[in-house]
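Hi,

Here is the structure I promised to pass on.

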Amino acid sequence: IRWGRLLLGSILLSVTGGVVYLSYGIYEQRNPNEQAPADPTKKTLVILGSGWGSVSLLKKLDTENYNVIVVSPRNYFLFTPLLPSCPTGTIEHRSIMEPIRHILRHKKTEVKYYEAEATEIDHEKRVVKVSDLSDIKGDVHSTEIPFDYLVVGVGAESATFGKTDCGVMFAGIPGVKEHACFLKEIQDSQKLRKNVMDCIETALFKEQSPEEVERLLSMVVVGGGPTGVEFAAELQDFFENDLKKWMPELADKFKVTLVEALPNVLPMFSKALIDYTEKSFRDEKIDVRTKTMVKNVGDKYIDVEAILPDGSKEKQRIPYGCLVWATGNAIRPVIRNLMNKIPEQKTARRGLAVNDYLVVDGTEGIWAVGDCAQSKYAPTAQVASQQGAYLARLFNSMERKEIIESEIEQLKELEASSSAADDKTALQKTLAKKDRELKKFAKISSFEYTHQGSLAYIGMDRAVADVSLWGGNVASAGGLTFLFWRSAYLSMVFSTRNRVLVIMDWLKVKVFGRDVSRFV
Ligand code: FAD
Ligand code: NAI
């Protein structure tokens with residue numbers, strides 16, 4: 001009985017603790033403190049983008065030290081790791097969006113935000129040209145923003161080109177832009193959700209021929225990287241758990257195909273996890289076509305070149321109803337334009353070449369983070385957020401250093417003008433202390449990335465994980481890894497609000513299933 005009471009007591013205590021923690025999180029988020037106005041005499045720091053890199057910088061930046069201006073066409077932060085769950089309705093879009101206004105309103109000092117796109121960066125004149133490209137425009141919709149410091153975190157756009165086996169890119173594949181759906185932004189996901197449901201309802205239209213039904217229900221995902229794999233898995237789950245139930249006539253006709261140019265999917269994962277994923281996909285009846293490169297995209301089919309087991313090449317045609325293009329990243333025009341203006345960027349291929357301190361090569365006072373920067377790391381959220389946090393430390397130290405330097409100047413002047421020996425000794429002591437403090441801030445180390453691991457959802461409540469532990473790598477897969485995947489992402493989503501919404505979405509799908517209506 002005593003043990004039972006103890007257990008009950010600890011459960012009650014944990015639940016109470018959890019409720020208090022949650023309530024505090026919600027209260028704090030809904031009730032931001034008063035904000036000090038920005039100080040125009042401080043240096044102007046312009047931050048482009050509201051994604052992983054920029055928001056991670058903003059989170060840790062002491063905004064009272066700078067006159068901070070954020071420019072981004074997206075007035076929210078998007079938690080991309082859960083985006084592949086959105087088109088099928090496992091997660092609702094707004095659950096993984098955090099308004100930039102919430103983030104900025106919680107800073108100590110006011111931060112300006114303009115919903116606009118940077119169209120040109122003039123690194124010599126030190127101005128950014130910005131344009132409001134939204135539907136509603138005021139009298140002023142283009143202007144220039146001068147900066148002392150600039151952080152470029154505009155990410156990348158979806159690639160519409162192909163890659164050869166050795167990674168060399170060739171010009172855009174015809175038809176991709178016109179016919180394919182992407183999965184990078186909320187709008188892509190909304191379009192995808194509409195398209196999938198439209199294909200299904202159209203396939204069930206009266207007197208549709210069997211060939212047309214087969215085509216319309218053929219869902220082709222191009223790109224066996226994590227985006228393609230996770231979305232293919234979510235789509236097959238949607239079919240198995242929901243679509244089949246409400247539309248039994250779809251059974252045996254709905255088909256998900258994953259097309260990958262390389263010999264295997266998920267190239268960044270360890271061999272055992274790649275094999276596990278490919279086997280799971282076969283069990284789930286997802287058709288995985290590796291060593292198959294898409295060469296042309298028509299409105300109802302794709303043309304591919306497949307390498308057969310004997311090494312010969314064969315041209316094939318795959319009909320599709322819905323085509324999802326997930327072949328990685330391409331450089332945004334504003335970045336390409338800046339690269340063209342800087343001779344030091346001539347050899348950069350993936351984005352702005354940066355040094356070990358993330359300073360854009362060939363510029364001064366301009367840094368780049370995340371997918372728009374070419375560093376030695378993969379273009380992931382992990383890298384972007386660590387780079388953003390590094391820059392916050394750097395900016396906080398830079399400002400502190402300047403303050404100490406000016407204090408030292410003043411102390412030196414005082415010491416020179418002071419005649420009393422006691423005053424001089426006291427001043428010298430303070431000076432020595434300030435010198436020591438300055439040394440601490442003057443030493444800014446270069447950016448070091450810590451890889452925490454890779455995770456991917458592979459369908460049927462299973463996931464794969466390559467996690468870095470104690471300097472080594474631990475690979476795991478299956479149902480328990482799925483729970484780990486969920487708890488890891490839950491701990492990473494931006495706010496308590498997002499966390500609660502994501503949990504509610506998961507519960508909703510467990511209890512009621514996914515919604516099969518076409519309305520987004
Ligand atoms: P982004 O997060 O893309 O942000 C770019 C920002 O810049 C956006 O706010 C955009 O609106 C803004 N912008 C664009 N153009 C301009 C302009 N001209 N001027 C001003 N602002 C502009 N990585 C992981 O590590 N783990 C995962 O599980 C994972 N899952 C992913 C799932 C999907 C579906 C996708 C697409 C990516 C995923 N990634 C994941 C990769 C990760 O999302 C990116 O590496 C990360 O978003 C890069 O951060 P970023 O800040 O560079 O760019
Ligand atoms: P990716 O670059 O990782 O993969 C794209 C795949 O498309 C490659 O395997 C490539 O060989 C293939 N491909 C390219 N052209 C092709 C063609 N013409 N025909 C057939 N296949 C073709 O891209 P992805 O998945 O969009 O990811 C982008 C970045 O985001 C990566 O760095 C990735 O690690 C990260 N990410 C991480 C996730 C995770 O950790 N769970 C989830 C999603 C993205």
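Which residues come nearest to ligand 2? They are T227, E260, V294, P379 and L455, out of 25 residues around ligand 2 (a residue is near a molecule if one of its heavy atoms lies within 4 Å of it).

Before the rest, some housekeeping. This is a predicted model, where local features need pLDDT of at least 70 and side-chain atom pairs count only at pLDDT 80 or more, while totals for chains, interfaces and linings use all residues. Residues are numbered from 1 along each chain as its sequence is written, chains are lettered from A and ligands numbered from 1 in the order in which they are written, and side-chain values use heavy atoms, with hydrogens and water left out.

**Ligand 2**

E260 puts a side-chain N or O atom 2.6 Å from an oxygen atom of ligand 2. By class the shell has 13 nonpolar, 9 polar and 3 charged residues. Here Ala, Val, Leu, Ile, Met, Phe, Trp, Tyr, Cys and Pro count as nonpolar, Asp, Glu, Lys and Arg as charged, and the others, Gly among them, as polar.

**Ligand 1**

Ligand 1 has 30 residues around it, with G53, T80, A118, D371 and Y489 the closest. R74 has a polar side-chain atom 3.5 Å from an oxygen atom of ligand 1, and R332 has one 3.5 Å from a nitrogen atom. From the backbone, an N or O atom of G153 lies 3.4 Å from a ligand oxygen. The protein buries 90% of the 980 Å² that ligand 1 exposes when taken alone. The shell divides into 14 nonpolar, 12 polar and 4 charged residues, and α10 gives the most, with 3 residues.

Where does ligand 1 lie relative to domain 1 and domain 2? Domain 1 (32–156 + 331–397) and domain 2 (176–329 + 450–512) both give residues to its shell, so ligand 1 lies between them. The domain bounds come from an automatic or database domain assignment.

**A few single residues**

D505, in helix α13, counts as buried because its relative accessibility is 7% (buried is under 20%, exposed over 50%, partly exposed in between; 1.4 Å probe, protein chains only). Its side chain makes a 2.6 Å polar contact with that of S95. A polar contact is a pair of N or O atoms within 3.5 Å; within protein, one must be able to donate a hydrogen and the other to accept it, and residues adjacent in sequence count only if both atoms are side-chain atoms.

D515 sits in the segment after α13 (496–512) and is partly exposed, at 43%. The side chains of D515 and S517 make a polar contact of 2.6 Å. Beyond neighbours within four places in sequence, D515 is in contact with R193 and F238 (contact means heavy atoms within 4.5 Å).

K429, in helix α11 (residues 421–442), counts as exposed at 64% relative accessibility.

Cheers

Terms used
Helix = DSSP H or I, 4+ residues; strand = E, 2+ residues; numbered from the N terminus. Areas by Shrake-Rupley, 256 points an atom, 1.4 Å probe, with all protein chains shown as cover.
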